[in-house]
Amino acid sequence: MDCCNVFESEIGRDVFGETLRPGGIQLTERALELCSLNENDHVLDLGCGRGATLRYLKDSRNINGVGIDSSRKLIDIAKSTAGSEVNFYHCSGNRMPFANKVFQCVFAECTLSLMDDISDVIEEVNRVVAPGGYFVITDVYGKNPDAIPTLYQYRINTCIRRLHNLGDLQKIIEKRGFHIELLEDHSPLLHQLFVKIVFQYGSAGRFWNLTSCNQVDGYEFQEAIGNCKPGYFLLVAKKCID
C-alpha cells in the first residue's frame, strides 16, 4: 500500500511511545507470567518496530530475542538502540528466514493486524515455533465486526485500519495448530490512548490528518473507527504437541 506509515512518524512515536502500542510493556509482562520464559528460550518478535520488547526481554530476563519487521526504517532504529546480542531482519511475516521449530515463543504485539495474508503468517508462526511453544498476540478488534470493511478504503498504515474480527481470528489460530490458553479484553488501554490523542491534538480526526500526511479525511476515518466499536485484547496460544 502506498500510504503514510503512522508508526514510522515522530508523531506516532510521540503518542504510542517507544513500544508503538497501547499499554506499553504492561501486556508483555502479563504474557511473560503465563509463558514462564527463561534465558535459555529463543523468542521472536514479529513486527518488532523500534525493538522495545526485545530490549525489555534482555534487560529484565536476560532473554536474547530476534526481531523482524517490514519497515526498514524501524529495523535500522532497532539495530541502533539494541545490544549486539539481538538480531534484526527486514522481512515479512509470511516468509521468515528461520528453521523449523526454533522458537519457544513468538510475540505479535499490535502487529498482526498490519500484515497481509494473516492466515499465511500464522501458518509460518506455527512452522517456526517448537511444539509446546507460545504465540502471544495483543491487538485491536471490532466489537461490531460488520462495520470493519468500511475501514479498508482509507490509505493509512495503522493497525486500527485493520481491526480483527476476533471470532474469525480465533478460528484461524486453532486451525493452524494452536490451542488458545487465554483471551483477555484490555479495551481500557485503547481508550486511554484515544484520550491521550485528543488531549495532545485536540481531536482524533486532526491526529489522523497529521499522521496520514493528509492522505485521508481524519474526521471521516475516526467516525468509521467509532462505528466498529474498537477494542483491545491479549491472546496467548500454545502450539499443540505432535
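A residue counts as buried when its relative accessible area is under 20%, as exposed when that area is over 50%, and as partly exposed in between. The model described here is predicted. Glu-18, with a relative accessible area of 26%, is therefore partly exposed.

**Nonpolar cores**

- In soluble globular proteins, nonpolar side chains tend to be buried together.
- The largest nonpolar core in this model comprises 54 residues. Within that core, Phe-107, Ile-160 and Trp-208 have the most contacts.
- Helix α7, covering residues 187-201, gives the most to this core, with 6 residues.
- A second core is separate and has 28 residues, including Cys-91, Ala-108, Ile-122 and Leu-235.
- Leaving aside residues up to four places away in sequence, Trp-208 touches Val-6, Ile-156, Thr-158, Ile-160 and Phe-194 among others. Its partners also include Val-216, Gly-218, Phe-221, Gln-222 and Ile-225.

**Salt bridges**

- The count of salt bridges comes to 9.
- One of them joins Arg-55 and Glu-18, whose closest N and O atoms are 3.2 Å apart. Arg-55 belongs to helix α3 (residues 52-61) and Glu-18 to the loop between α1 (10-16) and α2 (26-35), so the pair ties together parts that are 37 residues apart in sequence.
- Arg-55 and Glu-18 also take part in a network of salt bridges that links them with Arg-13 and Arg-50.
- Arg-162 and Asp-116 form another salt bridge, with the closest N and O atoms 2.9 Å apart. This pair links distant parts of the chain, 46 residues apart: Arg-162 is in the loop between β7 (156-157) and α6 (166-175), while Asp-116 is in the loop between β5 (103-109) and α5 (118-128).
- Both partners count as partly exposed, Arg-162 at 22% relative accessibility and Asp-116 at 49%.
- A further salt bridge connects Arg-127 with Glu-124, again described by its closest N and O atoms, which are 2.9 Å apart. Because Arg-127 and Glu-124 are 3 residues apart in helix α5, they are separated by about one helical turn.
- Arg-127 is partly exposed at 24% relative accessibility, whereas Glu-124 is buried, with a relative accessible area of 12%.

**Packing of helices α2 and α3**

- Two packed helices are described by the angle between their axes and the distance between the axes.
- The axes of α2 and α3 come within 11 Å and cross at roughly 55°. That angle makes α2 oblique to α3.
- The crossing of these two helices, α2 and α3, is right-handed.
- On the α2 side, Thr-28, Glu-29 and Leu-32 meet Thr-53, Tyr-56, Leu-57 and Arg-61 of α3.

**Helix α8**

- Helix α8, residues 204-211, is mostly covered, with 6 of its 8 residues buried.
- Those buried residues are Ala-204, Gly-205, Phe-207, Trp-208, Asn-209 and Thr-211.
- Just after α8, Cys-213 takes a positive phi of about 60°.

**Lys-196 in helix α7**

- Lys-196 has its place in helix α7. This lysine, Lys-196, is partly exposed, with a relative accessible area of 33%.
- Lys-196 touches Asp-14 and Val-15, residues up to four places away in sequence not being counted.
- From C-alpha to C-alpha, Lys-196 and Phe-16 are 9.4 Å apart in space, although 180 residues separate them in sequence.

**Positive phi angles**

- Most residues other than glycine have a negative phi.
- Ser-36, which is not a glycine, has a positive phi of about 50°. Ser-36 is found in the loop between α2 and β2 (43-46) and is exposed, with a relative accessible area of 53%.
- Lys-229, also not a glycine, has a positive phi of about 55°. Lys-229 is found in the loop between α9 (218-228) and β9 (230-239).

Notes. Residues are numbered from 1 along each chain as its sequence is written. This is a predicted model: local features need pLDDT of at least 70, side-chain atom pairs count only at pLDDT 80 or more; totals for chains, interfaces and linings use all residues. Side-chain values use heavy atoms; hydrogens and water are left out. A nonpolar core is a set of buried Ala, Val, Leu, Ile, Met, Phe, Trp, Tyr and Cys residues joined through side-chain atoms within 4.5 Å. Buried means under 20% relative accessible area, exposed over 50%, partly exposed in between (1.4 Å probe, protein chains only). Helices (H or I, at least four residues) and strands (E, at least two) are DSSP runs, numbered from the N terminus. Contact means heavy atoms within 4.5 Å. A salt bridge is a side-chain nitrogen of Lys or Arg within 4 Å of a carboxyl oxygen of Asp or Glu. Axes are lines fitted to C-alpha atoms, for helices over the stretch in contact, and angles run from 0 to 180 degrees between N-to-C directions. Angles under 35 degrees count as roughly parallel, over 145 as roughly antiparallel, 65 to 115 as roughly perpendicular and the rest as oblique. A crossing is left-handed if the near helix is turned anticlockwise from the far one by less than a right angle, and right-handed if clockwise.
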